[in-house]
Amino acid sequence: EKLKLKNIEFIGKVPNDQVYKFYQDSNIVIIPSVWMENSPMVAYEAMAAGKPIIGSNIGGIPELVKDGKNGLLFEPRNSDELAYKIIKVLDNPRLARKFGDYGKDLIDNEFNKEKHIKHIIEIYHNLISTKNGLDK
């Protein structure tokens, strides 16, 4: 209120059963991490909801946020760069939609349950083969 910010709402903790509604109601999902998060669930949730992401260029975030494809990256703690990227996406609905669509496609095609299960089974098969000397 003191800064007279528009388009921003600080809502606090959201019950799990209401999270998806908040994604649907948002324009952008921002991941302003300052430490090395490996694979933040918020990125997957944002992509599943078809929302553009603006995330810190740290940890595993750049592996999920493909800069210029499903969102934008900014240097951690750089509030000026973050503000610039927020404005860039808010001022360009076509770009926001492109980012959201690309993220949704990533979820549907790369991070789906079937691929995940197949990958885990491959890991187990490789471990079993190696243990039994079958890989020689």
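**A helix across the sheet**

Tutor: In this predicted model, helix H2 (residues 41-48) lies across E1 and E2 and runs at about 165° to E1. The sheet itself is open and consists of three strands in the order E1-E2-E3, with parallel pairing. Its edge strands are E1 and E3, each of which pairs on one side only. Direction ignored, neighbouring strands of this sheet are turned by 15° against each other on average. Between E2 and E3 the parallel pairing extends over four bridges; Gly71 in E3 is the bridge partner of Ile53.

At the start of H4, a side-chain oxygen of Asn78 reaches to within 3.3 Å of the backbone nitrogen of Asp80. The helix comprises 12 residues (79-90), which at 1.5 Å a residue should span 16 Å; the end C-alpha atoms are 16 Å apart, in agreement with that expectation.

Which residues of H4 are buried? They are Leu82, Lys85, Ile86 and Val89. Because these residues cover an arc of only 105° around the axis, they lie on the same side of H4. An α-helix has 3.6 residues a turn, so residues three or four places apart point the same way. The buried residues of H4 pack against strand E1 (29-31), strand E2 (53-56), strand E3 (71-74) and helix H5 (93-109). On the other side of H4, Asp80 and Tyr84 are exposed.

Notes:
Residues are numbered from 1 along each chain as its sequence is written. This is a predicted model: local features need pLDDT of at least 70, side-chain atom pairs count only at pLDDT 80 or more; totals for chains, interfaces and linings use all residues. Side-chain values use heavy atoms; hydrogens and water are left out. Helices (H or I, at least four residues) and strands (E, at least two) are DSSP runs, numbered from the N terminus. The expected span of a helix is 1.5 Å times one less than its number of residues. Buried means under 20% relative accessible area, exposed over 50%, partly exposed in between (1.4 Å probe, protein chains only). The arc is that of the directions from the helix axis to the C-beta atoms. Contact means heavy atoms within 4.5 Å. A polar contact is a pair of N or O atoms within 3.5 Å; within protein, one must be able to donate a hydrogen and the other to accept it, and residues adjacent in sequence count only if both atoms are side-chain atoms. Two strands pair if DSSP finds at least two bridges between them. Axes are lines fitted to C-alpha atoms, for helices over the stretch in contact, and angles run from 0 to 180 degrees between N-to-C directions.
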